[in-house]
Amino acid sequence: MSDRLNKFIMIDDQSKLEAQVKKWSCEAILAIDTEFMRTDTYYAKPGLIQVADEKGVFIIDPLKVRCLRPLGQLLENPRIVKIMHSMSEDIELLYQATGVLTQCVFDTQIAAAFLGYGASLGYQSLVSEVLGFPVDKSETRSDWLKRPLTDKQLAYAAKDAEYLILLHSELEKSLIEKSFLESVFDESKNILIQTKQGWDQPEMAYLKLRGAYELPLVRQQILQNLVVWRDLKAQQENVPKPWVFGDKFLIQFADTLPKNISELRVIKDLKPKSIRLYGEDLIAQLANLQGMTIVEPNFIAIERPVKGEELQRFKKLKTVVASVAEKTGIAPQLLGSRKMLENIVIHVVRNNCNTLPSDFSTWRKALMEDSFLEILQQDASNI
């Protein structure tokens with residue numbers, strides 16, 4: 001393929017897409033990349049969808065091919081490996097376009113982390129490191145919604161997909177040598193599961209606002225309702241969440257319970273446009289929530305930070321991670337991020353559980369479970 005870097009096939013009508021999907025259904029691997037705009041919307045606006053197989057590169061124009069649902073049968077097919085880089089935004093865009101969550105993903109960023117390239121190596125840097133190709137970055141911030149697109153934009157987009165095929169070939173060899181290939185798929189699967197849970201459980205989004213842990217439980221419950229309201233409003237109007245109200249303001253609203261627009265106007269840094277467009281609706285929401293005085297039996301409190309004796313155990317877990325990273329070459333951030341290690345301490349020490357959380361499973365379990373449990377279950381007096 002490397003001698004055809006500037007050649008690609010445009011798919012710009014429905015019949016072409018449907019015919020090509022039938023051909024792709026026989027492929028073992030497909031590289032998928034997207035170009036989109038998301039500066040002033042909640043949902044990404046697809047500009048291009050690039051697909052590469054072993055024979056060539058195809059560019060789908062979603063402004064001309066209005067129904068992308070035929071791609072769904074490829075995305076959900078567990079027999080076809082989908083090669084992506086840092087997949088989160090791509091799978092979200094594809095989910096919105098097709099209604100299907102992508103399965104069987106080989107994420108080249110995750111693969112690179114297993115092979116010692118770092119936990120979050122960018123696409124251009126990875127191509128340079130692994131393939132030795134210089135990557136033209138000049139079109140990174142292009143307007144992918146304008147038409148006609150330039151030859152340079154199209155060539156840039158095509159190369160992104162083609163390089164993914166080449167990256168997969170090189171990374172897969174190294175992963176097989178180190179017996180990490182299955183772990184890459186396991187990690188991608190975990191991310192997909194967690195991503196889908198986030199979409200399916202909007203009522204749990206407030207738990208990410210760790211800065212609100214000091215609020216009384218009733219106020220945390222009010223915050224939960226405000227987050228659901230804000231996120232739904234942003235989705236309905238297709239605007240970024242901070243354009244409605246940012247997280248820090250939702251925490252402040254739950255704490256102070258402003259009763260009128262005048263009280264909103266004195267809040268530092270709160271944008272007048274947000275007040276003008278959403279202030280009345282917010283005040284109405286707060287009026288309904290102010291009568292909330294009883295905490296629901298199954299309400300989950302926002303976890304307080306790991307401190308004191310818990311922090312000492314966290315630091316010991318971090319030492320284990322560093323040791324395993326040195327032995328295996330796996331990026332420490334992939335082995336155990338700060339958030340992951342904090343959640344493990346909370347789960348075992350604070351909540352008195354005898355096992356590690358379910359998300360600490362598969363490949364991590366074999367590498368670190370015994371050492372982690374030894375640290376977490378020892379008497380606090382020995383810390």
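**Strand β2**

Is strand β2 (residues 29-37) mostly covered or mostly uncovered? I looked it up: β2 is mostly covered, with seven of its nine residues buried. Buried means under 20% relative accessible area, exposed over 50%, and partly exposed in between, using a 1.4 Å probe and protein chains only. Strands (E, at least two residues) and helices (H or I, at least four) are DSSP runs, numbered from the N terminus.

I note that this is a predicted model, in which local features need pLDDT of at least 70 and side-chain atom pairs count only at pLDDT 80 or more, while totals for chains, interfaces and linings use all residues. Residues are numbered from 1 along each chain as its sequence is written, and side-chain values use heavy atoms, with hydrogens and water left out.

Next I checked the neighbours of β2. Two strands pair if DSSP finds at least two bridges between them. With strand β3 (residues 45-52), β2 pairs in the antiparallel sense over seven bridges; Glu-35 has Leu-48 of β3 as its bridge partner. With strand β5 (residues 81-84), β2 runs parallel and is joined by three bridges. There, Leu-30 stands opposite Lys-82.

**The second largest pocket**

I then turned to empty space. Rolling a probe the size of a water molecule over the atoms shows where empty space is left. On a 1 Å grid over the protein atoms alone, a pocket is an open set of points where a 1.4 Å probe fits, with protein on both sides within 12 Å along at least five of seven lines; lining residues have an atom within 4 Å of a point. The second largest pocket has a volume of about 630 Å³, a volume being the space filled by probe spheres set on the grid points, which are joined across faces, edges and corners. It is lined by 20 residues, and the closest to its centre are Thr-34, Glu-35, Phe-36, Glu-89 and Thr-140. Which element gives the largest share of this lining? Strand β2 does, with five residues.

**Cysteines**

I searched for disulfides, meaning pairs of cysteine sulfur atoms within 2.5 Å, and the structure holds zero. For Cys-26, the nearest cysteine sulfur is that of Cys-104, 16 Å away. Cys-26 is exposed, at a relative accessible area of 70%, while Cys-353 is partly exposed at 25%.

**Aromatic rings**

Rings of Phe, Tyr and Trp (its six-membered ring) pair if their centres lie within 6.5 Å; planes under 30 degrees apart count as stacked, over 60 as edge-to-face and the rest as tilted. I get 12 aromatic pairs by this rule. Why is the pair of Phe-133 and Tyr-163 called tilted? The ring centres are 5.3 Å apart and the planes stand at 45 degrees, so the pair is tilted. Phe-133 lies in the loop between α5 and α6 and Tyr-163 in helix α6, 30 residues apart. Phe-133 is partly exposed at 27%, whereas Tyr-163 is buried at 5%. I also noted Phe-245 and Phe-253, an edge-to-face pair with 5.2 Å centre to centre and 90 degrees between the planes.

**Backbone angles**

Last, the backbone. Most residues other than glycine have a negative phi, and most peptide bonds are trans. The peptide bond from Arg-147 to Pro-148 is cis, with omega near 0 degrees. Asp-269 has a positive phi of about 70 degrees although it is not a glycine; at 52% relative accessibility, Asp-269 is exposed. For Asn-352 I find a positive phi near 55 degrees, and Asn-352 is exposed at 63%.
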